[in-house]
Amino acid sequence: MDFKDVVMQRYACRTFTSETIPESKIDELLELIRWTASGLNLQTWRIRVVRDPATRQAIAEAAWGQQQVANCSHLLVLCAVHDVLGQTEKLQKALMASGLSEAESAQRVGYAKKMCAQMPPPALVKFADQQVFLALGNAINGAKSLGLDSCPMTGFDAAKVAALLGLPEGIVPTALCPLGYGAGGPTPRMRFAAEDILI
Ligand SMILES: Cc1cc2nc3c(=O)[nH]c(=O)nc-3n(C[C@H](O)[C@H](O)[C@H](O)COP(=O)(O)O)c2cc1C
């Protein structure tokens, strides 16, 4: 499926069939998400895949009853890592493991640390959250490219979802992405006129 078809055919799916997505497809999708671009390459996201129907039902209740959370096949809970500086330590190790020299890794990490040091705490949190939304973009378009339907979502209580999943502090649910096979065909879509997006 070419990218144009992915973008034009994807829609926010709120009703899924009872068909379960094969785990191999979920793995493919997670790989597309893993390769999302991120500021300073800090990859400030963690993803929980929720398969258990009872947990999805409980999360649906924390999402004001939105039933796509319960009736999907798999639910991705995309979380932001708010310890952005901690991610710079992780980056050093990962860069060296990817084959970069110690000097070059240290130089990149030094730059990342310098940038982070200039941001006040709320800006660091915002930075972490922004990366998650790019990952969400890869998730919804990636899903379509794999023949899956999805719904990007922020309408939920993050603290309740974190508690339900037993997430550690600093790993903050930021977006949900129910996945499955849409029932009843795409819902009509609308966008503002092309001239309206230019300023
Ligand atoms: C960041 C974000 C949050 C959203 N949150 C919700 C949500 O909580 N519940 C929902 O049903 N749809 C949610 N949506 C889906 C939008 O309503 C939908 O993308 C928009 O109406 C455009 O429709 P389309 O995706 O079918 O083109 C969200 C979309 C985005 C990008």
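User: What is the handedness of the crossing of α2 and α7?

Analyst: The crossing of α2 and α7 is right-handed. Please bear in mind that this is a predicted model.

User: At what angle do the axes of α2 and α7 cross?

Analyst: Helix α2 (residues 23-34) and helix α7 (residues 121-145) cross at roughly 145°, and their axes come within 8 Å.

User: Which residues make that contact?

Analyst: On the α2 side they are Leu29, Leu32 and Ile33. Helix α7 contributes Ala135, Asn138, Ala139, Gly142 and Ala143.

User: How do the residues of the contact of α2 with α7 divide by class?

Analyst: There are 6 nonpolar and 2 polar residues, and no charged ones.

User: Now the other pair. How are α5 and α6 arranged, in angle and in distance between axes?

Analyst: Helix α5 (residues 84-97) packs against helix α6 (residues 102-117) at an angle of about 165°, and the two axes are 9 Å apart. Helix α5 is therefore roughly antiparallel to α6.

User: And in which hand does α5 pass α6?

Analyst: The crossing of α5 with α6 is right-handed.

User: Which residues of α5 and α6 meet?

Analyst: From α5, the residues are Val84, Leu85, Thr88, Leu91, Gln92, Leu95 and Met96. They meet Glu102, Ser105, Arg108, Val109, Ala112, Lys113 and Cys116 of α6. By class, this contact has 8 nonpolar, 3 polar and 3 charged residues.

User: Let us stay with Met96. Which residues is it in contact with, leaving aside neighbours within four places in sequence?

Analyst: Met96 is in contact with Glu102 and Ser105. Met96 itself is found in helix α5.

User: Is Met96 buried, exposed or partly exposed, and why?

Analyst: Met96 is partly exposed, because 15 other C-beta atoms lie within 10 Å, and that class falls between 12 or fewer for exposed and 20 or more for buried.

User: Changing topic, where is His82 found?

Analyst: His82 is in the loop between β2 and α5. Asp83 is placed in the loop between β2 (74-81) and α5.

User: What does His82 contact, beyond neighbours within four places in sequence?

Analyst: His82 is in contact with Val125, Ala128, Gly170 and Val172. As for distance, the C-alpha atoms of His82 and Asp5 are separated by 35 Å, and the two are 77 residues apart along the chain.

User: How many other C-beta atoms lie within 10 Å of His82, and how many for Asp83?

Analyst: For His82 the count is 19, so it is partly exposed. Asp83 has 17 and is therefore partly exposed.

User: How far is Asp83 from Pro121 in space?

Analyst: The distance is 9.8 Å, C-alpha to C-alpha, for residues 38 apart in sequence.

User: Finally, backbone torsions. What is phi of Leu40, and what is phi of Trp64?

Analyst: Leu40 has a positive phi near 60°, although it is a residue other than glycine. Trp64, which is not a glycine, has a positive phi of about 50°.

User: Where do Leu40 and Trp64 sit?

Analyst: Leu40 is in the loop between α2 and β1 (45-50). Trp64 is in the loop between α3 (53-61) and α4 (68-71).

User: Is each one buried or exposed, Leu40 and Trp64?

Analyst: Leu40 counts as buried because it has 20 C-beta neighbours inside 10 Å. Trp64 has 10 such neighbours, so it counts as exposed.

Technical notes
Residues numbered from 1 in each chain as written. Predicted model: local features only at pLDDT ≥ 70, side-chain atom pairs only at ≥ 80, totals over all residues. Axes fitted to C-alpha atoms, helices over the stretch in contact; angles between N-to-C directions. Helix = DSSP H or I, 4+ residues; strand = E, 2+ residues; numbered from the N terminus. Parallel < 35°, antiparallel > 145°, perpendicular 65-115°, else oblique. Left-handed = near helix turned anticlockwise from the far one by under 90°. Contact = placed C-beta atoms within 7 Å. Nonpolar A, V, L, I, M, F, W, Y, C, P; charged D, E, K, R; others polar.
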